[in-house]
Amino acid sequence: MPRRALTAAVVALALPLSACGSGGDDTGSTDASGKVEGDITFQTWNLRANFKPYFEGVIADFEKEYPGTKVKWVDQPAEGYADKISADAAGGTLPDVVNVSPDLVAPLAKAGLALDLDKAAAKYKKEYLPGAWASHGIPGMEGTYAFPWYLNTGPLFYNKSLFKEAGLDASKPPQTYDELFDSAMELAEKSDGKVATLANVPTIEDFGRYGVPLMNDEGTAFTFNDAKGVELLTKYKELYDAKALDSQALTATPESSGKKFLTGAVAMNPGSALDLGNFKKQAPSLYKNIGITDQITSTGKVNMYVMGVMVNAQTKRTPAAVAFAHYVTDAQNQMSFAKKVAIFPSTAGSLDDPYFTKEDGTDETRVRVAAAKSLKNAVNYTPVLFSEQMKTELRNNVAKALQGKESPKAALDNAVKACDRLLQQQG
């Protein structure tokens, strides 16, 4: 499964002016009500290797349902996907239907290259979870710019034996941030700083889950340097000083944090149903001691990752492109895809299927059922306008605060200032 494609922070696109589609005879039509016919190209993101038969089947079924259509499928590797889309957008060679994430669709929508589905395909809106449909909206712009496709979220895993060794009740993992921070301090103290509870510095989604307002409503400025944001970073500084946050957290990646958890150096780590198979294979002793609990939030809503399917606003085959984008993401096809890999459909009602609600005694099913339940009101906390460069600015300033080079307040003020500057450049 292309896990990176689910959680990857994607490089922000800098679209040249030539991509703005200022009109002319070759621009597409926003009217999707005509006859579904003609040749279109569909581009996915690192999915061919594992799911070739699935997509070939979906395409064959679509062409059968709509005689006179032909879908050419292209798949791009995970590496450099954003750059490829940027180059195609600039060169006028963007495929008719494109697999995107919300942060990828934002610059395309601003450049007039993503079809507004609130106008062209409003009749389908009710088929999707409200949070998923809203995830491809752009602050400061009206409209929705991609069909929601597959979702993912996951629990917090914890190592029961590390909890027990520290004298903590392994059957009662932390449920709130206060409990999390208290447990982390206790684990560090009881293990003389050898066992950290967390392996990652706070990211933008962590600020969101903590209840920090991330942007103003107009989408013109970031706001995560407010009192609640400073409070969270101050807590992380205390954890870092007490060795309750892993000393290598400043340079950690999700992969390296996962390894720390696998080897028992870290007591808790976020993950998904995909991870349980890895634990079973790579760390049987951890698997025997694995605890599973909910993501901790102050908002009552967990974070979700969402993928989408965008229609090129300049396609010459708008009815066919919209029909196919909807077809790929309809309830039946999403359900079929979700049974092939540990992901979740974004279609309304799908999460009520017994596959997502019935326990069978296995941990894999337990994680799937819990995640499906939490997704019904989950949100994508990462703002669609939060680019890769902005993530780097936040990370660098958080590191300065943890190292004591800047106060948490100054660090977040500087991060917001840098991100606002980058946001103006996107404009």
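**Labels and their cut-offs**

Trainee: What makes Lys409 and Asp413 about one helical turn apart?

Mentor: Lys409 and Asp413 sit four residues apart in helix H19 (residues 408-426), so about one helical turn separates them. An α-helix has 3.6 residues a turn, so residues three or four places apart point the same way. Helices here are DSSP runs of H or I with at least four residues, strands are E runs of at least two, and both are numbered from the N terminus. Before we go on: this is a predicted model, where local features need pLDDT of at least 70, side-chain atom pairs count only at pLDDT 80 or more, and totals for chains, interfaces and linings use all residues. Residues are numbered from 1 along each chain as its sequence is written, and side-chain values use heavy atoms, with hydrogens and water left out.

Trainee: Why is the meeting of Lys409 and Asp413 called a salt bridge?

Mentor: The label asks for a side-chain nitrogen of Lys or Arg within 4 Å of a carboxyl oxygen of Asp or Glu. The N to O distance for Lys409 and Asp413 is 3.0 Å, so the pair qualifies. Twelve salt bridges are found in the structure.

Trainee: How do you know whether Lys409 is buried, partly exposed or exposed?

Mentor: Buried means under 20% relative accessible area, exposed means over 50%, and partly exposed is in between, using a 1.4 Å probe and protein chains only. Lys409 has 41% and is therefore partly exposed. Asp413, at 24%, also counts as partly exposed.

Trainee: Which parts of the chain does the pair of Asp352 and Lys376 link?

Mentor: The side chains of Asp352 and Lys376 meet in a salt bridge at 2.5 Å, N to O. This pair links distant parts of the chain, 24 residues apart: Asp352 is in the loop between helix H15 (331-338) and H16, and Lys376 is in the loop between H17 and helix H18 (388-402). Asp352 has a relative accessible area of 47% and Lys376 one of 43%, so each is partly exposed.

Trainee: How do you know that the span of helix H17 is close to the one expected?

Mentor: The expected span is 1.5 Å times one less than the number of residues. H17 (residues 363-375) has 13 residues and reaches 18 Å between its first and last C-alpha, close to the expected 18 Å. Its buried residues include Val367, Arg368 and Leu375. The buried residues of H17 pack against strands S4 (147-152), S5 (156-159) and S7 (290-293), and against helices H12 (273-282) and H16 (354-357). Contact there means heavy atoms within 4.5 Å.

Trainee: What makes the charged end of Arg368 sit over the ring of Tyr355?

Mentor: The rule wants NZ of Lys or CZ of Arg within 6 Å of the ring centre and within 35 degrees of the ring normal. The charged end of Arg368 is 3.8 Å from the ring centre of Tyr355. Lys339 also lies over the face of Tyr355, at 5.4 Å from the ring centre.

Trainee: What joins the side chains of Thr347 and Ser350?

Mentor: They are joined by a polar contact of 2.6 Å. That term covers N or O atoms within 3.5 Å; within protein, one must be able to donate a hydrogen and the other to accept it, and residues adjacent in sequence count only if both atoms are side-chain atoms. Thr347 lies in the loop between H15 and H16 and is buried, with a relative accessible area of 1%.
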